[in-house]
Amino acid sequence: MRSTMQDTPLSLATLLRYGTTAHAASTVTTWSPEGPRRATYGDVGRNAARLAHGLRSIGVTGDERVATFMFNNQEHLECYGAIPAMGAVLHTLNIRLFPEQLVYIAEHAEDRVVVVDAAVVPLLARVLPQLKSVRHIVVNGPDAAAEPLRGIGPDVHTYTGLLEGQPEEYDYPVGDERDAAAMCYTSGTTGNPKGVVYSHRSIWLHSMQVCMAESFGLSDRELCLAVVPQFHAMAWGVIHAALMSGASLLMPDRFLQAAPLAAMIATERPTFAAAVPTIWTDLLNHLDANGGDISSLSEVVVGGSACPPSLMHAFWERYGVRIIHAWGMTETSPLGSVARPPAGATGEEEWAYRVTQGRVPAAVQVRLTGPDGLVPSDGTSVGELEVAGPWVTAEYHHDEDPAKFDEGWLRTGDVGTLTPDMFITLTDRAKDVIKSGGEWISSVELENTLMAHPAVLEASVVGVPDEKWGERPLATVVIREGADVTVEQLRAFLAEHIASWQVPERWAFVSEVPKTSVGKFDKKVIRSRYAEGSLDVTTT
Ligand code: AMP
(Lines give C-alpha, C1' and ligand atoms only; values in the text may rest on other atoms or scores of the structure.)
Protein backbone atom coordinates (compact mmCIF):
# COMPACT_ATOMS: atom_id res chain seq x y z
CA MET A 1 0.00 0.00 0.00
CA ARG A 2 1.38 3.40 -0.94
CA SER A 3 0.93 6.39 1.32
CA THR A 4 -1.52 9.15 0.57
CA MET A 5 1.05 11.81 1.28
CA GLN A 6 2.10 14.51 -1.18
CA ASP A 7 5.57 14.03 -2.54
CA THR A 8 6.87 17.59 -2.34
CA PRO A 9 10.57 17.88 -3.19
CA LEU A 10 12.80 19.10 -0.37
CA SER A 11 14.26 22.05 -2.26
CA LEU A 12 16.67 24.76 -1.20
CA ALA A 13 14.58 27.13 -3.35
CA THR A 14 11.72 26.52 -0.91
CA LEU A 15 14.07 26.90 2.04
CA LEU A 16 15.41 30.23 0.77
CA ARG A 17 11.92 31.56 0.10
CA TYR A 18 10.74 30.44 3.51
CA GLY A 19 13.73 31.75 5.47
CA THR A 20 13.70 35.16 3.82
CA THR A 21 9.91 35.55 4.14
CA ALA A 22 8.83 33.90 7.38
CA HIS A 23 12.01 35.12 9.05
CA ALA A 24 12.38 38.34 7.06
CA ALA A 25 13.16 40.21 10.28
CA SER A 26 16.04 37.92 11.35
CA THR A 27 19.43 39.50 10.78
CA VAL A 28 22.88 38.78 9.43
CA THR A 29 25.60 40.95 10.94
CA THR A 30 29.04 41.02 9.34
CA TRP A 31 31.90 42.17 11.55
CA SER A 32 34.23 44.90 10.34
CA PRO A 33 36.59 47.26 12.18
CA GLU A 34 34.55 50.20 10.86
CA GLY A 35 31.51 48.81 12.62
CA PRO A 36 29.22 45.87 11.95
CA ARG A 37 27.25 45.71 8.69
CA ARG A 38 23.66 44.64 9.20
CA ALA A 39 20.98 43.25 6.93
CA THR A 40 17.73 41.42 7.47
CA TYR A 41 16.92 38.03 5.96
CA GLY A 42 14.39 40.00 3.90
CA ASP A 43 17.31 42.00 2.43
CA VAL A 44 19.21 38.74 1.92
CA GLY A 45 16.24 37.34 -0.03
CA ARG A 46 16.11 40.38 -2.30
CA ASN A 47 19.87 40.33 -2.85
CA ALA A 48 19.83 36.58 -3.50
CA ALA A 49 17.23 37.14 -6.24
CA ARG A 50 19.35 39.92 -7.75
CA LEU A 51 22.41 37.65 -7.57
CA ALA A 52 20.54 34.81 -9.28
CA HIS A 53 19.52 37.20 -12.09
CA GLY A 54 23.08 38.54 -12.24
CA LEU A 55 24.53 35.04 -12.56
CA ARG A 56 22.00 34.18 -15.28
CA SER A 57 22.98 37.40 -17.10
CA ILE A 58 26.58 36.19 -17.34
CA GLY A 59 25.45 32.84 -18.67
CA VAL A 60 25.20 30.53 -15.67
CA THR A 61 22.81 27.75 -16.65
CA GLY A 62 21.80 24.29 -15.52
CA ASP A 63 23.90 22.71 -12.82
CA GLU A 64 27.03 24.74 -13.50
CA ARG A 65 29.31 25.19 -10.55
CA VAL A 66 29.53 28.62 -8.98
CA ALA A 67 32.39 28.68 -6.51
CA THR A 68 32.91 30.96 -3.55
CA PHE A 69 36.34 31.99 -2.29
CA MET A 70 35.14 33.88 0.74
CA PHE A 71 35.07 34.40 4.47
CA ASN A 72 31.81 34.15 6.42
CA ASN A 73 29.83 37.27 5.56
CA GLN A 74 26.49 38.53 4.29
CA GLU A 75 27.37 38.10 0.62
CA HIS A 76 28.49 34.53 1.24
CA LEU A 77 25.09 33.90 2.85
CA GLU A 78 23.45 35.34 -0.28
CA CYS A 79 25.52 32.95 -2.41
CA TYR A 80 24.40 30.05 -0.19
CA GLY A 81 20.83 31.15 -0.86
CA ALA A 82 20.85 32.05 -4.55
CA ILE A 83 23.16 29.51 -6.18
CA PRO A 84 21.43 26.22 -5.26
CA ALA A 85 17.98 27.83 -5.43
CA MET A 86 18.53 28.81 -9.08
CA GLY A 87 19.53 25.23 -9.86
CA ALA A 88 23.29 25.80 -10.03
CA VAL A 89 25.77 24.13 -7.67
CA LEU A 90 27.49 26.09 -4.91
CA HIS A 91 31.12 25.06 -4.49
CA THR A 92 32.78 26.50 -1.39
CA LEU A 93 36.52 26.78 -1.99
CA ASN A 94 38.84 26.75 1.00
CA ILE A 95 40.80 30.02 0.97
CA ARG A 96 43.66 28.50 2.96
CA LEU A 97 44.58 25.71 0.59
CA PHE A 98 47.93 25.47 -1.11
CA PRO A 99 47.76 26.82 -4.68
CA GLU A 100 48.19 23.35 -6.28
CA GLN A 101 45.29 21.96 -4.25
CA LEU A 102 43.12 24.92 -5.10
CA VAL A 103 43.81 24.50 -8.80
CA TYR A 104 43.12 20.78 -8.59
CA ILE A 105 39.81 21.28 -6.80
CA ALA A 106 38.48 24.13 -8.97
CA GLU A 107 39.39 22.23 -12.13
CA HIS A 108 38.03 18.95 -10.84
CA ALA A 109 34.70 20.57 -9.93
CA GLU A 110 34.71 22.47 -13.27
CA ASP A 111 33.95 25.78 -11.60
CA ARG A 112 32.54 28.31 -14.08
CA VAL A 113 32.30 31.35 -11.84
CA VAL A 114 34.20 32.30 -8.71
CA VAL A 115 32.81 34.84 -6.25
CA VAL A 116 35.77 36.17 -4.29
CA ASP A 117 36.18 38.47 -1.29
CA ALA A 118 38.37 41.51 -1.96
CA ALA A 119 40.74 40.53 0.86
CA VAL A 120 41.69 37.26 -0.84
CA VAL A 121 41.86 38.50 -4.44
CA PRO A 122 45.69 38.22 -4.40
CA LEU A 123 45.43 34.52 -3.45
CA LEU A 124 43.05 33.88 -6.32
CA ALA A 125 45.09 35.97 -8.77
CA ARG A 126 48.09 33.64 -8.20
CA VAL A 127 46.24 30.60 -9.49
CA LEU A 128 43.77 32.16 -11.91
CA PRO A 129 45.85 31.53 -15.06
CA GLN A 130 45.61 27.79 -14.31
CA LEU A 131 41.84 27.75 -13.71
CA LYS A 132 40.84 26.73 -17.23
CA SER A 133 37.13 26.17 -16.58
CA VAL A 134 36.53 29.57 -14.96
CA ARG A 135 34.81 32.14 -17.22
CA HIS A 136 33.82 34.83 -14.74
CA ILE A 137 35.07 36.28 -11.49
CA VAL A 138 32.80 38.30 -9.22
CA VAL A 139 34.67 40.45 -6.70
CA ASN A 140 32.95 41.20 -3.41
CA GLY A 141 34.53 44.62 -2.83
CA PRO A 142 35.40 47.85 -4.59
CA ASP A 143 36.29 47.96 -8.28
CA ALA A 144 39.93 48.73 -7.47
CA ALA A 145 40.22 45.42 -5.58
CA ALA A 146 39.43 43.57 -8.82
CA GLU A 147 42.48 45.01 -10.59
CA PRO A 148 44.92 42.07 -10.07
CA LEU A 149 42.40 39.76 -11.77
CA ARG A 150 41.97 41.75 -14.96
CA GLY A 151 43.61 40.77 -18.22
CA ILE A 152 44.20 37.15 -17.16
CA GLY A 153 41.28 35.66 -19.07
CA PRO A 154 37.98 35.43 -17.23
CA ASP A 155 35.61 38.40 -17.27
CA VAL A 156 35.78 40.33 -14.03
CA HIS A 157 32.73 41.87 -12.34
CA THR A 158 32.04 43.39 -8.97
CA TYR A 159 29.37 41.91 -6.75
CA THR A 160 27.49 45.20 -6.49
CA GLY A 161 27.84 45.74 -10.25
CA LEU A 162 26.39 42.30 -10.98
CA LEU A 163 23.40 42.92 -8.70
CA GLU A 164 22.76 46.48 -9.85
CA GLY A 165 19.40 47.02 -11.55
CA GLN A 166 18.40 43.36 -11.19
CA PRO A 167 14.86 42.46 -10.05
CA GLU A 168 14.37 41.68 -6.36
CA GLU A 169 12.38 38.55 -7.07
CA TYR A 170 13.35 35.37 -8.86
CA ASP A 171 11.19 32.53 -10.00
CA TYR A 172 13.35 29.75 -8.56
CA PRO A 173 12.73 26.35 -10.07
CA VAL A 174 11.89 23.47 -7.72
CA GLY A 175 13.72 20.54 -9.24
CA ASP A 176 14.49 16.98 -8.25
CA GLU A 177 15.40 16.89 -4.57
CA ARG A 178 18.21 14.45 -5.33
CA ASP A 179 19.98 16.88 -7.65
CA ALA A 180 23.24 18.46 -6.58
CA ALA A 181 22.94 21.65 -4.55
CA ALA A 182 26.41 22.22 -3.15
CA MET A 183 29.84 20.65 -2.97
CA CYS A 184 32.80 20.68 -0.66
CA TYR A 185 36.18 18.97 -0.93
CA THR A 186 37.67 17.11 2.00
CA SER A 187 40.74 18.70 3.51
CA GLY A 188 42.55 15.57 2.29
CA THR A 189 45.68 14.96 4.34
CA THR A 190 46.82 12.23 1.95
CA GLY A 191 46.35 12.15 -1.81
CA ASN A 192 44.13 14.54 -3.69
CA PRO A 193 41.17 16.19 -1.96
CA LYS A 194 37.89 14.43 -2.69
CA GLY A 195 34.63 16.09 -3.67
CA VAL A 196 31.44 15.51 -1.72
CA VAL A 197 28.26 16.62 -3.50
CA TYR A 198 25.28 17.42 -1.28
CA SER A 199 21.74 17.22 -2.62
CA HIS A 200 18.81 19.55 -1.90
CA ARG A 201 17.28 16.68 0.03
CA SER A 202 20.37 15.88 2.09
CA ILE A 203 20.89 19.53 3.06
CA TRP A 204 17.22 19.92 3.94
CA LEU A 205 17.12 16.82 6.16
CA HIS A 206 20.46 17.72 7.73
CA SER A 207 19.23 21.25 8.48
CA MET A 208 16.22 19.86 10.31
CA GLN A 209 18.54 17.73 12.41
CA VAL A 210 20.84 20.69 13.14
CA CYS A 211 17.82 22.65 14.42
CA MET A 212 16.71 19.86 16.74
CA ALA A 213 17.15 20.35 20.46
CA GLU A 214 19.21 17.16 20.58
CA SER A 215 21.65 18.68 18.09
CA PHE A 216 22.34 22.45 18.00
CA GLY A 217 18.84 23.53 19.07
CA LEU A 218 18.60 26.54 16.72
CA SER A 219 15.54 28.77 16.73
CA ASP A 220 14.71 32.41 16.01
CA ARG A 221 15.63 33.23 19.62
CA GLU A 222 19.29 32.54 18.89
CA LEU A 223 22.06 34.71 17.51
CA CYS A 224 24.57 32.29 16.05
CA LEU A 225 28.23 33.26 15.76
CA ALA A 226 29.38 31.21 12.77
CA VAL A 227 33.14 31.03 13.28
CA VAL A 228 33.45 27.70 11.46
CA PRO A 229 34.18 28.76 7.87
CA GLN A 230 31.48 28.42 5.26
CA PHE A 231 34.04 26.42 3.27
CA HIS A 232 34.54 23.87 6.08
CA ALA A 233 31.80 21.26 5.58
CA MET A 234 29.17 23.94 4.82
CA ALA A 235 29.83 25.68 8.14
CA TRP A 236 28.56 22.52 9.83
CA GLY A 237 25.05 23.18 8.59
CA VAL A 238 24.42 26.29 10.68
CA ILE A 239 23.80 28.56 7.66
CA HIS A 240 20.99 26.51 6.17
CA ALA A 241 19.66 25.74 9.64
CA ALA A 242 19.56 29.49 10.35
CA LEU A 243 17.43 30.05 7.26
CA MET A 244 15.18 27.20 8.34
CA SER A 245 14.80 28.28 11.98
CA GLY A 246 15.17 32.05 11.67
CA ALA A 247 18.23 32.09 13.93
CA SER A 248 20.12 35.32 13.27
CA LEU A 249 23.73 35.09 12.15
CA LEU A 250 26.85 36.90 13.30
CA MET A 251 29.56 36.55 10.66
CA PRO A 252 33.16 37.26 11.64
CA ASP A 253 34.38 37.84 8.05
CA ARG A 254 38.20 37.75 8.19
CA PHE A 255 38.42 38.69 11.88
CA LEU A 256 39.02 35.23 13.30
CA GLN A 257 41.69 36.08 15.84
CA ALA A 258 40.89 35.92 19.56
CA ALA A 259 40.83 39.71 20.15
CA PRO A 260 38.21 40.59 17.50
CA LEU A 261 36.21 37.47 18.38
CA ALA A 262 36.14 38.57 22.03
CA ALA A 263 35.11 42.07 20.93
CA MET A 264 32.30 40.86 18.69
CA ILE A 265 30.97 38.53 21.38
CA ALA A 266 31.01 41.33 23.95
CA THR A 267 29.23 43.85 21.72
CA GLU A 268 26.89 41.73 19.57
CA ARG A 269 26.08 39.21 22.34
CA PRO A 270 25.61 35.98 20.37
CA THR A 271 23.87 33.16 22.24
CA PHE A 272 25.40 30.28 20.26
CA ALA A 273 28.65 29.67 18.39
CA ALA A 274 30.46 26.94 16.48
CA ALA A 275 34.19 26.46 15.84
CA VAL A 276 37.11 24.03 16.06
CA PRO A 277 38.95 23.58 19.40
CA THR A 278 41.98 25.70 18.42
CA ILE A 279 39.78 28.81 18.07
CA TRP A 280 38.44 28.28 21.60
CA THR A 281 41.88 27.60 23.02
CA ASP A 282 43.08 30.95 21.64
CA LEU A 283 39.97 32.73 22.87
CA LEU A 284 40.31 31.24 26.36
CA ASN A 285 43.92 32.32 26.52
CA HIS A 286 42.97 35.82 25.42
CA LEU A 287 40.13 36.08 27.93
CA ASP A 288 42.30 34.80 30.76
CA ALA A 289 44.93 37.43 29.94
CA ASN A 290 42.72 40.39 29.08
CA GLY A 291 39.30 39.69 30.55
CA GLY A 292 36.16 40.05 28.47
CA ASP A 293 32.46 39.43 28.53
CA ILE A 294 31.22 36.27 26.82
CA SER A 295 28.26 35.84 29.15
CA SER A 296 25.76 36.02 26.26
CA LEU A 297 26.94 32.63 24.99
CA SER A 298 24.99 29.80 26.50
CA GLU A 299 26.21 26.99 24.27
CA VAL A 300 29.02 26.59 21.80
CA VAL A 301 29.49 23.60 19.56
CA VAL A 302 33.07 22.39 19.25
CA GLY A 303 34.09 19.73 16.77
CA GLY A 304 36.34 19.08 13.80
CA SER A 305 38.89 17.50 16.14
CA ALA A 306 38.71 16.14 19.65
CA CYS A 307 37.82 18.83 22.15
CA PRO A 308 40.15 18.58 25.17
CA PRO A 309 38.04 18.04 28.31
CA SER A 310 40.21 20.66 30.05
CA LEU A 311 38.92 23.26 27.55
CA MET A 312 35.31 22.30 28.30
CA HIS A 313 35.92 22.58 32.02
CA ALA A 314 37.68 25.93 31.69
CA PHE A 315 34.85 27.51 29.70
CA TRP A 316 32.23 26.10 32.03
CA GLU A 317 33.93 26.82 35.33
CA ARG A 318 35.49 30.18 34.49
CA TYR A 319 32.94 31.66 32.04
CA GLY A 320 29.72 29.67 32.47
CA VAL A 321 29.76 28.68 28.80
CA ARG A 322 28.72 25.15 27.95
CA ILE A 323 30.79 23.50 25.25
CA ILE A 324 28.87 20.87 23.33
CA HIS A 325 31.20 18.37 21.72
CA ALA A 326 30.23 17.14 18.27
CA TRP A 327 31.75 14.86 15.65
CA GLY A 328 31.38 14.86 11.90
CA MET A 329 33.07 14.89 8.53
CA THR A 330 32.72 16.69 5.22
CA GLU A 331 31.37 13.34 4.01
CA THR A 332 28.59 13.39 6.64
CA SER A 333 27.30 16.93 5.90
CA PRO A 334 28.89 17.02 8.60
CA LEU A 335 26.67 16.28 11.59
CA GLY A 336 27.43 12.75 12.81
CA SER A 337 27.02 12.92 16.59
CA VAL A 338 26.43 15.44 19.36
CA ALA A 339 27.38 14.92 22.99
CA ARG A 340 24.24 15.81 24.93
CA PRO A 341 24.05 13.64 28.04
CA PRO A 342 20.84 11.68 28.52
CA ALA A 343 18.22 13.18 30.83
CA GLY A 344 19.01 12.59 34.45
CA ALA A 345 22.78 12.36 34.06
CA THR A 346 24.41 14.72 36.55
CA GLY A 347 27.83 15.39 38.03
CA GLU A 348 30.56 12.95 37.02
CA GLU A 349 28.18 10.92 34.89
CA GLU A 350 27.13 14.00 32.92
CA TRP A 351 30.77 14.92 32.29
CA ALA A 352 31.55 11.37 31.21
CA TYR A 353 28.96 11.80 28.45
CA ARG A 354 29.98 15.34 27.55
CA VAL A 355 33.58 14.44 26.73
CA THR A 356 32.55 11.71 24.30
CA GLN A 357 32.06 12.55 20.61
CA GLY A 358 28.34 12.16 21.25
CA ARG A 359 25.26 10.25 20.28
CA VAL A 360 24.25 9.71 16.67
CA PRO A 361 20.85 11.08 15.60
CA ALA A 362 18.05 8.82 14.39
CA ALA A 363 18.90 9.14 10.70
CA VAL A 364 22.56 8.18 11.07
CA GLN A 365 23.40 4.50 11.33
CA VAL A 366 26.67 3.58 12.91
CA ARG A 367 28.74 0.45 13.49
CA LEU A 368 32.27 -0.58 14.35
CA THR A 369 34.40 -2.93 12.29
CA GLY A 370 37.70 -4.66 12.83
CA PRO A 371 39.93 -7.13 10.98
CA ASP A 372 37.54 -9.97 11.94
CA GLY A 373 34.29 -8.27 11.03
CA LEU A 374 31.83 -6.36 13.17
CA VAL A 375 32.94 -5.21 16.61
CA PRO A 376 30.35 -5.16 19.45
CA SER A 377 28.85 -1.85 20.58
CA ASP A 378 29.65 -2.52 24.22
CA GLY A 379 31.45 0.70 25.10
CA THR A 380 34.85 -0.98 25.37
CA SER A 381 35.60 -2.90 22.15
CA VAL A 382 37.54 -0.73 19.70
CA GLY A 383 36.98 -0.64 15.95
CA GLU A 384 36.76 1.61 12.94
CA LEU A 385 33.59 3.66 12.82
CA GLU A 386 31.39 3.18 9.77
CA VAL A 387 28.33 5.32 9.12
CA ALA A 388 25.38 5.44 6.74
CA GLY A 389 22.37 7.69 6.32
CA PRO A 390 20.57 10.20 4.13
CA TRP A 391 23.21 12.92 4.61
CA VAL A 392 26.23 10.61 4.38
CA THR A 393 27.97 10.50 0.99
CA ALA A 394 27.81 7.25 -0.98
CA GLU A 395 30.79 8.08 -3.18
CA TYR A 396 33.15 10.88 -4.20
CA HIS A 397 32.69 13.17 -7.17
CA HIS A 398 34.42 11.63 -10.19
CA ASP A 399 36.83 9.78 -7.94
CA GLU A 400 36.74 6.04 -7.41
CA ASP A 401 37.83 5.22 -3.89
CA PRO A 402 36.26 1.89 -3.01
CA ALA A 403 38.50 1.58 0.04
CA LYS A 404 36.45 4.35 1.68
CA PHE A 405 33.19 2.41 1.36
CA ASP A 406 32.14 -0.92 2.80
CA GLU A 407 28.92 -2.39 1.39
CA GLY A 408 27.16 0.97 1.40
CA TRP A 409 28.74 2.20 4.64
CA LEU A 410 31.23 5.06 4.75
CA ARG A 411 34.48 4.07 6.42
CA THR A 412 35.34 7.10 8.52
CA GLY A 413 38.97 6.26 9.26
CA ASP A 414 38.15 7.11 12.89
CA VAL A 415 38.79 4.53 15.58
CA GLY A 416 36.96 4.22 18.86
CA THR A 417 34.16 2.65 20.85
CA LEU A 418 30.37 2.70 20.67
CA THR A 419 28.04 2.24 23.64
CA PRO A 420 24.71 0.38 23.46
CA ASP A 421 22.94 3.78 23.76
CA MET A 422 24.90 4.92 20.68
CA PHE A 423 27.49 7.29 22.13
CA ILE A 424 30.76 7.35 20.18
CA THR A 425 34.13 7.79 21.84
CA LEU A 426 37.02 8.24 19.42
CA THR A 427 40.51 7.31 20.41
CA ASP A 428 42.21 8.34 17.19
CA ARG A 429 42.29 8.55 13.44
CA ALA A 430 43.28 5.09 12.21
CA LYS A 431 46.43 6.57 10.72
CA ASP A 432 47.36 8.47 13.89
CA VAL A 433 47.16 5.57 16.34
CA ILE A 434 50.64 4.90 17.70
CA LYS A 435 51.69 1.26 17.61
CA SER A 436 54.32 0.76 20.28
CA GLY A 437 55.69 -2.76 20.77
CA GLY A 438 52.45 -4.33 19.59
CA GLU A 439 50.29 -2.14 21.90
CA TRP A 440 48.23 0.85 20.81
CA ILE A 441 48.64 4.31 22.23
CA SER A 442 45.91 6.89 21.68
CA SER A 443 47.49 10.15 20.54
CA VAL A 444 44.26 11.97 21.45
CA GLU A 445 44.37 10.76 25.05
CA LEU A 446 47.97 11.94 25.42
CA GLU A 447 47.07 15.31 23.90
CA ASN A 448 44.01 15.80 26.09
CA THR A 449 45.95 14.88 29.21
CA LEU A 450 48.84 17.18 28.33
CA MET A 451 46.50 20.07 27.60
CA ALA A 452 45.03 19.64 31.08
CA HIS A 453 48.40 20.74 32.52
CA PRO A 454 48.16 24.41 33.51
CA ALA A 455 51.44 25.30 31.78
CA VAL A 456 50.45 23.77 28.43
CA LEU A 457 48.66 25.84 25.82
CA GLU A 458 48.69 23.34 22.93
CA ALA A 459 49.95 19.79 22.55
CA SER A 460 49.97 17.44 19.61
CA VAL A 461 51.24 13.88 19.71
CA VAL A 462 52.34 11.81 16.71
CA GLY A 463 53.95 8.39 16.35
CA VAL A 464 57.55 8.41 15.13
CA PRO A 465 59.73 5.45 14.12
CA ASP A 466 61.58 3.76 16.96
CA GLU A 467 64.14 0.99 16.57
CA LYS A 468 63.10 -0.95 19.63
CA TRP A 469 59.33 -0.44 19.78
CA GLY A 470 58.47 0.17 16.13
CA GLU A 471 56.84 3.47 16.97
CA ARG A 472 56.86 5.81 19.96
CA PRO A 473 54.98 9.03 20.70
CA LEU A 474 56.55 12.43 20.07
CA ALA A 475 54.92 15.28 22.03
CA THR A 476 54.98 18.71 20.39
CA VAL A 477 54.09 21.25 23.03
CA VAL A 478 53.42 24.99 23.25
CA ILE A 479 54.07 26.34 26.75
CA ARG A 480 51.76 29.08 27.98
CA GLU A 481 53.36 32.54 28.11
CA GLY A 482 55.04 33.16 31.44
CA ALA A 483 54.78 29.51 32.50
CA ASP A 484 57.77 27.40 33.33
CA VAL A 485 57.78 23.62 33.17
CA THR A 486 60.31 20.89 32.53
CA VAL A 487 60.03 17.72 30.48
CA GLU A 488 60.36 15.71 33.69
CA GLN A 489 57.44 17.57 35.27
CA LEU A 490 55.27 16.97 32.18
CA ARG A 491 56.23 13.29 32.13
CA ALA A 492 55.38 12.97 35.84
CA PHE A 493 52.02 14.69 35.21
CA LEU A 494 51.21 12.28 32.38
CA ALA A 495 52.23 9.28 34.48
CA GLU A 496 49.61 10.29 37.07
CA HIS A 497 46.87 9.85 34.47
CA ILE A 498 47.99 7.25 31.94
CA ALA A 499 50.05 4.06 31.86
CA SER A 500 53.71 4.93 32.29
CA TRP A 501 54.82 2.95 29.21
CA GLN A 502 52.74 5.35 27.11
CA VAL A 503 54.55 8.46 28.36
CA PRO A 504 56.62 9.99 25.51
CA GLU A 505 60.40 10.15 25.68
CA ARG A 506 60.62 12.60 22.77
CA TRP A 507 59.58 16.21 23.31
CA ALA A 508 59.64 19.25 21.07
CA PHE A 509 58.78 22.72 22.40
CA VAL A 510 57.45 25.04 19.71
CA SER A 511 55.81 28.45 19.57
CA GLU A 512 52.78 27.10 17.72
CA VAL A 513 51.55 23.66 16.69
CA PRO A 514 51.20 23.70 12.86
CA LYS A 515 47.56 23.80 11.77
CA THR A 516 45.65 22.57 8.71
CA SER A 517 43.58 24.81 6.46
CA VAL A 518 40.61 24.35 8.79
CA GLY A 519 42.51 24.88 12.04
CA LYS A 520 43.23 21.31 13.15
CA PHE A 521 46.64 20.17 14.41
CA ASP A 522 48.56 19.22 11.29
CA LYS A 523 50.18 15.92 12.20
CA LYS A 524 51.50 15.39 8.70
CA VAL A 525 53.62 18.54 9.00
CA ILE A 526 54.87 17.54 12.46
CA ARG A 527 55.88 14.09 11.19
CA SER A 528 57.71 15.51 8.19
CA ARG A 529 59.50 18.15 10.33
CA TYR A 530 60.61 15.37 12.64
CA ALA A 531 61.76 13.22 9.71
CA GLU A 532 63.75 16.03 8.13
CA GLY A 533 65.31 16.90 11.51
CA SER A 534 63.94 20.45 11.67
CA LEU A 535 62.26 19.97 15.05
CA ASP A 536 64.37 20.61 18.11
CA VAL A 537 63.70 17.37 19.99
CA THR A 538 64.67 16.62 23.60
CA THR A 539 64.91 12.89 24.38
CA THR A 540 64.80 11.59 27.93
P1 AMP B 1 36.76 17.18 7.99
O2 AMP B 1 36.05 16.49 6.91
O3 AMP B 1 37.89 18.02 7.55
O4 AMP B 1 35.85 17.94 8.89
O5 AMP B 1 37.43 16.05 8.91
C6 AMP B 1 36.68 15.02 9.50
C7 AMP B 1 37.51 14.35 10.55
O8 AMP B 1 37.76 15.24 11.64
C9 AMP B 1 36.84 13.17 11.21
O10 AMP B 1 36.92 12.00 10.43
C11 AMP B 1 37.61 13.06 12.51
O12 AMP B 1 38.86 12.41 12.33
C13 AMP B 1 37.88 14.50 12.85
N14 AMP B 1 36.91 14.96 13.83
C15 AMP B 1 35.83 15.72 13.62
N16 AMP B 1 35.19 15.96 14.78
C17 AMP B 1 35.88 15.34 15.75
C18 AMP B 1 35.74 15.19 17.17
N19 AMP B 1 34.76 15.77 17.83
N20 AMP B 1 36.66 14.44 17.81
C21 AMP B 1 37.67 13.85 17.17
N22 AMP B 1 37.86 13.96 15.85
C23 AMP B 1 36.99 14.68 15.15
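This briefing describes the overall build, cavities, helix packing and backbone details of one protein model. The model is predicted: local features need pLDDT of at least 70 and side-chain atom pairs count only at pLDDT 80 or more, while totals for chains, interfaces and linings use all residues. Residues are numbered from 1 along each chain as its sequence is written, and side-chain values use heavy atoms, with hydrogens and water left out.

**Overall build**

- The protein has 15 helices and 28 strands (DSSP runs numbered from the N terminus: helices are H or I with at least four residues, strands are E with at least two).
- Its radius of gyration, taken over C-alpha atoms, is 23 Å, close to the 24 Å that the globule rule gives for 540 residues, so the protein is as compact as a globular protein of that length. The globule rule is 2.2 Å times the number of residues to the power 0.38.
- The C-alpha trace spans about 70 × 65 × 45 Å along the principal axes of the protein.
- Of the 540 residues, 58% are buried (buried means under 20% relative accessible area, exposed over 50%, partly exposed in between, with a 1.4 Å probe and protein chains only).
- Among contacts (heavy atoms within 4.5 Å) between residues at least 6 apart in sequence, 66% join residues at least 24 apart.

**Cavities**

- A cavity is a set of points, on a 1 Å grid over the protein atoms alone, where a 1.4 Å probe fits but cannot get out; lining residues have an atom within 4 Å of a point. Grid points are joined across faces, edges and corners, and a volume is the space filled by probe spheres set on the points.
- There are four cavities of 30 Å³ or more.
- The largest cavity holds about 110 Å³ of space. Its lining has 14 residues, and Asn94, Tyr185, Thr186, Ser187 and Phe231 lie nearest the centre.
- The second largest cavity holds about 60 Å³. Among its lining residues are Tyr198, Met234, His240 and Ser333, and helix 7 (residues 200–211) gives the most to this lining, with four residues.

- In helix 12 (residues 347–354), the buried residues are Glu350, Trp351, Tyr353 and Arg354. Seen down the helix axis, these residues fall within an arc of 160 degrees, so they line one face of helix 12; the arc is that of the directions from the helix axis to the C-beta atoms.
- The cover over the buried residues of helix 12 includes helix 11 (309–319), strand 14 (322–328) and strand 22 (423–429).
- Helix 14 (residues 487–497) has Val487, Leu490, Phe493 and Leu494 as its buried residues. They cover an arc of only 125 degrees around the axis, which puts them on the same side of helix 14.
- These buried residues of helix 14 pack against helix 13 (443–450), strand 25 (456–466), strand 27 (506–509) and strand 28 (537–539).

**Loop residues**

- Val227 lies in the loop between strand 10 (223–226) and helix 8 (238–245), and counts as buried at 5% relative accessibility.
- Beyond its neighbours within four places in sequence, Val227 is in contact with residues including Asn72, Pro252 and Ile279.
- The peptide bond from Ser333 to Pro334 is cis, with omega near 15 degrees; Pro334 lies in the loop between strand 14 and strand 15 (335–338).
- His398 is not a glycine, yet its phi is positive, near 45 degrees. At 60% relative accessibility, His398 counts as exposed.
- Met422 also has a positive phi, of about 65 degrees, although it is not a glycine. At 34% relative accessibility, Met422 counts as partly exposed.

Conventions:
On a 1 Å grid over the protein atoms alone, a cavity is a set of points where a 1.4 Å probe fits but cannot get out, and a pocket is an open set with protein on both sides within 12 Å along at least five of seven lines; lining residues have an atom within 4 Å of a point.
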